[in-house]
Structures are given as C-alpha cells and as structure tokens.
Amino acid sequence: MRLRACDTVIWLDLPRRVCMYRILKRTIVYRRQSRPDMAEGCNERFDWNFIKWVWNYPHRAKSRIMVEIEGLREKRVIVLKSKREVTEFLTNHPSARIM
C-alpha cells in the first residue's frame, strides 16, 4: 500500500553488522527509558525476537523487497548502502531530513 502511494522509495540497505551494532548500542544507551524518537512510555528494552528478525532479514525478506522495488518503474528509487551514502544524501537533499 505504501509503495503504491509514494513517489519516491528510499531503502536503507545497510550491512547486518551495522544494524546489529546500532540495536545493541540503543539498547545500552536508552535502557529502560524512552528514546527521543519514540513516544513517551515506549521504553527501550532488549528484545530477542527483534534481534532474530534483523539477523534473518537478508535471507528472509531482502530478495522479495528487491523484486518489489525493481517493479516500480514510475517511482524514484534510492538505495543507500552505507552511513557515508546516507550522510551524502542528507547533505545534498536537506529537505529529506525528518525532524
């Protein structure tokens, strides 16, 4: 539904090790408190199901998403694969920043 409604797709296709590191870092830094980007009362906690979901994502869902994105002929598709690419994109497209 979201893919049909959008005009641009930005896919953060970051390496699994980066995603795992960031999950663990957030869990430690915001342990038992709400992160600034979360609603009040949604406290950060270690969640094995989420860890497993992220770990298995490349095998379970990545190829399906790639097929869906390749079929979006009339959409602008941007794939960012590293922190450097994300930083460059946000630097060159300041209106893309979510505040």
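Modeller: Happy to; a few questions and answers follow. This is a predicted model, in which local features need pLDDT of at least 70 and side-chain atom pairs count only at pLDDT 80 or more, while totals for chains, interfaces and linings use all residues. Residues are numbered from 1 along each chain as its sequence is written, and side-chain values use heavy atoms, with hydrogens and water left out.

Biologist: Is Trp48 buried, partly exposed or exposed?

Modeller: Trp48 is found in helix 3, residues 48-60 (helices are DSSP runs of H or I with at least four residues, numbered from the N terminus). Buried means under 20% relative accessible area, exposed over 50% and partly exposed in between, with a 1.4 Å probe and protein chains only. Trp48 has a relative accessible area of 58%, so Trp48 is exposed.

Biologist: Which geometry does the pair of Phe46 and Trp48 have?

Modeller: A search of the whole structure finds three aromatic pairs (ring centres within 6.5 Å, using the six-membered ring of Trp; planes under 30 degrees apart are stacked, over 60 edge-to-face, the rest tilted). For Phe46 and Trp48 the centres are 5.1 Å apart and the planes stand at 85 degrees, so this pair is edge-to-face.

Biologist: And how are the rings of Phe50 and Trp53 arranged?

Modeller: Both residues lie in helix 3, three residues apart, about one turn of the helix. At 36% relative accessible area Phe50 is partly exposed, and Trp53 is also partly exposed at 44%. Their ring centres are 6.4 Å apart with 5 degrees between the planes, and the pair is stacked.

Biologist: Which residues do ring pairs link into a cluster?

Modeller: A pair of aromatic rings is described by the distance of the centres and the angle of the planes. Here, ring pairs make a cluster of Phe50, Trp53 and Tyr57.

Biologist: Now the arginine: is Arg35 buried or exposed?

Modeller: Arg35 lies in the loop between helix 2 (16-29) and helix 3. Its relative accessibility is 14%, so Arg35 counts as buried.

Biologist: Which side chain joins that of Arg35 in a polar contact of 2.5 Å?

Modeller: Leaving out residues up to four places away in sequence, Arg35 touches Arg26, Tyr30 and Glu44 (contact means heavy atoms within 4.5 Å). A polar contact is a pair of N or O atoms within 3.5 Å; within protein, one must be able to donate a hydrogen and the other to accept it, and residues adjacent in sequence count only if both atoms are side-chain atoms. At 2.5 Å, the partner of Arg35 is Glu44.

Methods:
Helix = DSSP H or I, 4+ residues; strand = E, 2+ residues; numbered from the N terminus.
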